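Have a look at the structure first, then read on.

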Amino acid sequence: MPDDPFDTLELPARFDLDPSEVQRKYLALSARFHPDRAAGNRGDATSGLSQPDDHAEISRLNAAKRVLDDPEQRAEALLKRLGGPAAGQDRTLPPQFLSEMLDVREQIEQAAANRDAAAFERWEDWAADRRRSHIRAVADHFARHAADLASKHLHAIRLELNVWRYTERLLEQLDGGETRSGPGAART
């Protein structure tokens, strides 16, 4: 994230952004570069996206929208903006978390080996519930400590994001069928 997505889309730096607010701002800003509108603004007949700067600006707007549309990426961007540790700087996980995840993965592998579609769906639901729980926890951290995001609060957010990332990877693998019967396996 080279640019701050909140600044790029001229939105307040907060986790609880309304998706329609992001969409409205994105459309308003990107409209500046529509060929009909941009040509009129320049006073010449060139299309709005003929200039290299226009391409770069549209690319920046698109990248910012992708970040702010995704809750995990939005949390990462906000944490970075607030001076919190990046994922590469702090890989802390709760005690016993890795052993819990190892157990979960073993159970998922067993469901895949048995071709137990019902068990596999339960694990997908479990992981989706965990994702929602992480989103609520991060939102709560940002909301509760908005006035005083001291280092300890930023580290607590980082810890939650680290755990959330594991859940996202698990969901990606479940969704991709990799744990069912190998990479790219079709759903049963």
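Helices here are DSSP runs (H or I, at least four residues), numbered from the N terminus. The expected span of a helix is 1.5 Å times one less than its number of residues. Keep in mind that this is a predicted model, where local features need pLDDT of at least 70, side-chain atom pairs count only at pLDDT 80 or more, and totals for chains, interfaces and linings use all residues. Residues are numbered from 1 along each chain as its sequence is written, and side-chain values use heavy atoms, leaving out hydrogens and water.

**Helix α6**
- With 17 residues (97–113), α6 reaches 24 Å from its first C-alpha to its last, close to the expected 24 Å.
- Its buried residues (under 20% relative accessible area with a 1.4 Å probe, protein chains only; exposed is over 50%, partly exposed in between) are F97, M101, V104, I108, A111 and A112.
- Seen down the axis of α6, these buried residues fall within an arc of 100° (taken from the directions from the axis to the C-beta atoms), so they line one face of the helix.
- The face turned away from that buried side carries the exposed L102 and A113.
- Just after α6, R115 has a positive phi of about 55°.

**Nonpolar cores**
- A nonpolar core is a set of buried Ala, Val, Leu, Ile, Met, Phe, Trp, Tyr and Cys residues joined through side-chain atoms within 4.5 Å.
- The largest one has 24 residues, and L9 and L68 touch the most other members.
- Helix α4 gives this core its largest share, 5 residues.
- A second, separate core of 12 residues includes V104, A127, L170 and L171.

Technical notes:
Helix = DSSP H or I, 4+ residues; strand = E, 2+ residues; numbered from the N terminus.
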